[in-house]
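Subject: Structure for your review

Dear colleague,

Please find below the structure that I am handing over to you. My notes on what was found in it follow.

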Amino acid sequence: MKKVQFKSNYSQYLFLAPQLGILLIFLYWPIIQTFKDAFTIQDAFGISTQFAGIDNFLFIFDDPAYLTAFKFTIIYSFVITLITGAIGLLLAVQANKVIHGKSAYKTLLIWPYAIAPAVVGVMANYFFSERFGLLYHLFSDLWGFNWYESVFDAYIYVIIAGSWKQISANFIFFLAGLQAIQVSVIEASMIDCKSSFRRFWTITFPLLMPTTFFLIIINITYAFFDTFGIIDTTTIGAPSGETRTLVYKAYMDGFRGLDLGSAGAQSIMMMLIVLFITIFQFRYIEGKIHYN
Amino acid sequence: MTRLFTSSFSHIILFIGISIMVVPVWMIFASSTHTSSFIYSHGLQFFIGDSFHENYLRVLLYQGGFFKEITALKMFFNSFIMATGVALLSVFTSLMAAYALVYYRTKYATFLFWLIFVTILVPLELRIFPTYSVMAKLNLVNSYFGLIVPISASAIATLFFRQFYRTVPDELLESAKLDGANTWRFFIDFLVPLSKTMIIAMFIFMFVFGYNQYLWPLLVTSSEQYWTVVMGLKMMSGSIVHRFAFVMMSMVPPVLIIIILQKHFIKGVFQDK
């Protein structure tokens, strides 16, 4: 923290007021409401509510559809993190190496970052269309691809759609991480080790750990929350709910099923997952990272 | 020789990467300039056809929606209002909140810090129905205010501004104090001009974030007058080439902003000078 500061007086709260006001009304109030919903049961018309204890939670654990969504979300975030991280890192390392055309490469690789997930989903939809989709026909010639029925094929569909734009985010952050490594470190390592492959894995990659760690969190958050627009414009959960993320299922239960108690309980479960991931990153991963 | 080899290897990898990013979008664009019957009989196209004007003009000016009340042009206007509103409001509130957190000594510092930053753990998707019912109670459904404010309730920009302020040398405040600057003068005359890069970066970040919202506008606008472009994807009707054209136009504003302002964006987010 700063050594020189102002003494606290009313002006500090004037500076805080706009943000705190918005957060209290549009964030804390709904969160409190979420907890209320999660522990009560509403009748079908929303007229009477009664305290339900942890019934809503017990109910979601009994629901096979919830476990399916849970399984899919874990697999989805793991695969997206792995694919986009690996491709982003590979491209960043190459872009950092080349001398000519560096900024053109950079521009051409980062722009998909700006495209909305829902737009990406609609485009993916066209490439996986039965009538004129290139990828649909390619995959169906290769192994009889049919995402309406095969869970594996539906996974491929949403993983391709979900990974595409996230490669850009990984590329930007890895490139910035690589550029932050001091030239002297790289030069010193060149004297000690001739193989550029080994040099990368023993010197550069460990120095990139803070970036990697940050991106793991970014990618998991993306796969959990931002992919709603992708699922909703591609498979819509087909086949039979196998490609629904937790967020997507909570939304469907709340919106289509009007079951706010269940939606609230599912939201709290997700808050716990996010909290767990955040604590885990600070406790276990941060301790093992070398900062330069 | 090896150097030439490794460098062309890099170029090949980068070229493949760029193709993965550019080719799908290019194909949708090229296909959007043909007629629907041509697409259905020949599939997606690589080359430009001759229906560009016809398709794009029709999409922009066609009265769509369930009640035939809204044109794509109006949706772009709504999206622009929403994105600009989100960016302005969140940059403004975050800039001030971060200042109060970093430059004031108070015994509630830890409490205030957590009150603001714990909200990062609870994205809108996790509280979407309760947020909607709050908006309904406040009578803010179907309004620009309703589109903008809940999306601006985010502490992400505050986190970035806080990090930035902490790198500002202490001597700045010391000398400003010697010159007799009070808290407002120091904020407006010293800190805001110094944060220019960061402000631009956060503005771009929040603009794209606001423009790309899908679920929230879908929920909070039952009146077609407030439909935005990205949620419009869910609502669009019409033939396949018109949908292609709408998808292409929908990505233009945020992509243009990122391409034109990418230097500022990267400079701010990574704080390299």
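In which loop of chain B does N139(B) lie? The model is a predicted one, and in it N139(B) sits in the loop between α6 (128-137) and α7 (144-152) of chain B. This residue has a positive phi of about 60° although it is not a glycine. N139(B) is exposed, because 10 other C-beta atoms lie within 10 Å, and the limit for that class is 12 or fewer.

Regarding confidence, the predictor assigns the complex an ipTM of 0.89 and a pTM of 0.91. For chain B the mean pLDDT is 87, and 94% of its residues reach 70 or more.

Chain A has 14 helices and 3 strands. Its C-alpha atoms fill a box of roughly 75 × 70 × 30 Å along the principal axes. Of the 292 residues in chain A, 41% are buried. Among contacts in chain A with a separation of 6 or more, 72% are between residues 24 or more positions apart.

Turning to the interface, 68 residues of chain B and 66 residues of chain A take part in the contact. On the side of chain B that touches chain A, helix α1 (residues 2-31) of chain B gives the most, with 11 residues. That side of chain B comprises 46 nonpolar, 17 polar and 5 charged residues. The chains are also joined through strands: β1 (residues 6-7) of chain A and β1 (residues 104-105) of chain B run parallel and are linked by 2 bridges. Within this pairing, K7(A) has R105(B) as its bridge partner.

The largest nonpolar core holds 148 residues, and V119(A), M202(B) and M206(B) touch the most other members. Helix α4 (residues 72-102) of chain B supplies the largest share of this core, 15 residues. Not counting residues up to four places away in sequence, M202(B) touches V91(B), A157(B), F160(B) and G268(B).

The buried residues of α8(A) include Q166(A), N170(A), F171(A), F173(A), F174(A) and G177(A). Among the elements that cover the buried residues of α8(A) are α3 (64-97), α4 (102-110), α7 (151-164) and α11 (209-226) of chain A.

T227(A) is located in the loop between α11 and α12 (228-233) of chain A. T227(A) counts as buried because it has 25 C-beta neighbours inside 10 Å, where 20 or more are required. Leaving aside neighbours within four places in sequence, T227(A) is in contact with P117(A), G162(A), Y222(A) and T245(A). The C-alpha atoms of T227(A) and V158(A) are 9.2 Å apart, although 69 residues separate the two along the chain.

Finally, the loop between α12 and α13 (246-255) of chain A contains P239(A). The peptide bond from A238(A) to P239(A) is cis, with omega near -10°. S240(A) is found in the loop between α12 and α13 of chain A, and it has a positive phi of about 40° although it is not a glycine. Most residues other than glycine have a negative phi, and most peptide bonds are trans. S240(A) counts as exposed because it has 12 C-beta neighbours inside 10 Å.

Yours sincerely

Technical notes
Residues are numbered from 1 along each chain as its sequence is written. Chains are lettered from A and ligands numbered from 1 in the order in which they are written. This is a predicted model: local features need pLDDT of at least 70, side-chain atom pairs count only at pLDDT 80 or more; totals for chains, interfaces and linings use all residues. Two residues are in contact if their C-beta atoms, placed from the backbone, lie within 7 Å. Helices (H or I, at least four residues) and strands (E, at least two) are DSSP runs, numbered from the N terminus. Ala, Val, Leu, Ile, Met, Phe, Trp, Tyr, Cys and Pro count as nonpolar, Asp, Glu, Lys and Arg as charged, and the others, Gly among them, as polar. Two strands pair if DSSP finds at least two bridges between them. A nonpolar core is a set of buried Ala, Val, Leu, Ile, Met, Phe, Trp, Tyr and Cys residues joined through C-beta atoms within 7 Å. pLDDT is the predictor's confidence in each residue, from 0 to 100.
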